[in-house]
Amino acid sequence: MALIELRGVDFSYNEMEAPALKNINLTVEAGEFVSIIGGNGSGKSTLAKLLNVLLVPSAGEVIIDGMNTADEENWLKIRQKIGMVFQNPDNQLVATRVEDDVAFGPENLGIPSPEIRKRVDKALEAVGMERFKDYPPHNLSGGQKQRVAIAGIIAMEPECIVLDEPTAMLDPQGRKEVMETIHFLNKEKGITIIHITHFMEETVGADRIIVMNQGSIHKTGSPLEIFREIDDLKKLGLDVPLVVEMAHELRKKGIKIPDILSINELVDSLCS
Amino acid sequence: MLIELKNVSHIYADDFQGTEALKNINLKIRDHEFIGLVGHTGSGKSTLVQLLNGLIKPSSGSVIIDGVNITEEKTGLLGIRRKIGLVFQYPEHQLFEETVFGDVAFGPRNLGLSEEEVEVRVRESLELVGLDYEEFKDRSPFNLSGGQQRKVAIAGVLAMKPEVLILDEPSAGLDPQGRQQLISLLEYLYNKKGMTIILVSHRMEEIAHLANRVIVMSEGEIIFDDNPAKVFSEVERIRELGLDLPEITEILWRLNRKGLKVRTDIFSLAEAVEEISRELRGSEIC
Ligand SMILES: Nc1ncnc2c1ncn2[C@@H]1O[C@H](COP(=O)(O)OP(=O)(O)O)[C@@H](O)[C@H]1O
Ligand SMILES: Nc1ncnc2c1ncn2[C@@H]1O[C@H](COP(=O)(O)OP(=O)(O)O)[C@@H](O)[C@H]1O
Ligand SMILES: [Mg+2]
Ligand SMILES: [Mg+2]
């Protein structure tokens, strides 16, 4: 059974306007790392909110680990399985100490204190923030705040984390920290990752990319498959990583370069 | 318009540790410069740009605009904010009217313009940022996606027709097309309208492509202040400061290290491709 399954899902915020999502069919297996790209307003955040029942579909079904989100009795369990991290790190941290922030979620689940203690330590370690457990969150950098927000989710022991543009407001260092953290959680802890981003270069390490356009899934494929179609993406107002475009332009000049996705691969293929 | 900062330091009143957000900054900004302002989070960029249009007063030192010391003058701040438009970091937090039209019209209405003139300006500004006037004017800004809200906020500042435009991380959260539109808009405002532009961004490729002067900040101080080619040749220092090189620079730099002697002061893709293929043809190494 797939971890996440959407069958014929529509969603409308408002009957007067075009639906935000139309006939979405999607399956995500446990352990996958999926990146979602798409223009502003294409429905990415709406899709994300359907996954942990911040929204329920207007038509169709969202099934999480066999549980239908239409059934209110499942909500608590689903929210524990699917954690959400948002764009702005400042809006997500509430406590005056980092470890209290991380403990907040498990406390709400009614987990006994000794177990919370363990989970908080483990979660902070997983995001590389154990040294900061006594810090006030507002003194941390943006990337550190996002890692604490992620730790707060991990402490609930979710199977999947959905991150909605988690790096949009971070500086280059913070972006690197967050991307390394979520790849680590995926590879080492087996947590399923659904990662929404406008940074095309952040998606090259994903197992699969979903391309959204005007409320529909335009296509899905591996990074190589998706970024091979440069013109198709540009038509949707999207882009390919700069290295991919550079390789494409160099090929037009008769230089032989294999499929590449990263700076390292490009440099190695040019100077081997 | 000349903007001058003299020995400016700033400590936020509510910062109990008393960290200096800015330390003894000296800076001159002349007409028709395009300045890229970069630095890690907390380096003082937002504090600096808010000083420039009088939103905050420095703890010490002076901010002089067109010969007027705005740190002393109580009056005239309104005039300054009209001439120096600031698009805030997270501007969507500043949206408050019921409709997109109302939000963009807020500034021009405050200038006392006629309702016809206000409408012309709202239409113009929305089209400039790539939002269709008819489609968006009556929508609530709160029901827009983040990127759309960002555009509305930029339109609101453009509707004031400022001489100097300051944008604090305006492309954060914009999709690739929105970012491209923003870049084209800034090029248009700079080249065709002769505006002075100060752009705060973490996207070094944007900065390298657009700016003719790059200011790098760290811990409240100016570390570099020079043209993009000079600044981005400081590869090690830029990395130490937690910043990126523009991706093109990074590629050219690595090729260079591998023995392909390409120039590293190129910031456009087409030129870089030209340079690499030319070097490859003449080279034995690669
Ligand atoms: N709270 C809301 N109320 C009404 N419409 C909304 C709301 N949030 C988003 N929308 C609309 O739904 C569509 C999809 O938005 P969203 O899912 O936020 O897109 P994305 O995350 O891809 O930018 C857009 O047209 C947007 O204007
Ligand atoms: N309103 C405020 N109150 C107290 N401290 C602030 C405030 N705004 C910024 N700071 C502090 O001032 C320093 C510089 O911040 P800022 O100018 O926002 O940097 P940047 O825009 O480069 O991220 C940081 O240490 C920050 O925590
Ligand atoms: Mg979104
Ligand atoms: Mg800032």
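**View 1. The shell around ligand 1, by residue class.** Three nonpolar, ten polar and one charged residue make up the shell around ligand 1. Here Ala, Val, Leu, Ile, Met, Phe, Trp, Tyr, Cys and Pro count as nonpolar, Asp, Glu, Lys and Arg as charged, and the others, Gly among them, as polar. What you see is a predicted model, in which local features need pLDDT of at least 70 and side-chain atom pairs count only at pLDDT 80 or more, while totals for chains, interfaces and linings use all residues. Residues are numbered from 1 along each chain as its sequence is written, and chains are lettered from A and ligands numbered from 1 in the order in which they are written. Of the 14 residues around ligand 1, the nearest are A:Tyr13, A:Lys44, A:Ser45, A:Thr46 and B:Ser145; a residue is near a molecule if its C-beta atom, placed from the backbone, lies within 6 Å of it. Because residues from chains A and B surround ligand 1, the site is shared between chains. Helix H1 (residues 44-51) of chain A gives the largest share of this shell, three residues. Helices (H or I, at least four residues) and strands (E, at least two) are DSSP runs, numbered from the N terminus.

**View 2. The surroundings of ligand 2.** Which residues come closest to ligand 2? They are B:Tyr12, B:Ala21, B:Lys45, B:Ser46 and B:Thr47, out of 13 that surround ligand 2. By class, this shell has two nonpolar, eight polar and three charged residues. Its largest share, three residues, comes from helix H1 (residues 45-52) of chain B.

**View 3. Where chain B meets chain A.** Here 36 residues of chain B are in contact with 32 residues of chain A, contact meaning C-beta atoms, placed from the backbone, within 7 Å. Helices H6 (146-158), H7 (176-191), H11 (247-257) and H12 (269-282) of chain B each supply at least two residues of the side of chain B that touches chain A. That side has 15 nonpolar, 15 polar and six charged residues.

**View 4. An open sheet in chain B.** Six strands with mixed pairing follow the order S6-S7-S8-S3-S9-S10 in this open sheet of chain B; two strands pair if DSSP finds at least two bridges between them. At the edges, strand S6 (84-87) and strand S10 (221-226) of chain B each pair on one side only. Strand S9 (residues 213-218) of chain B and S10(B) pair in the antiparallel sense over five bridges. Look for B:Val216, whose bridge partner in S10(B) is B:Phe224.

Conventions: Contact = placed C-beta atoms within 7 Å.
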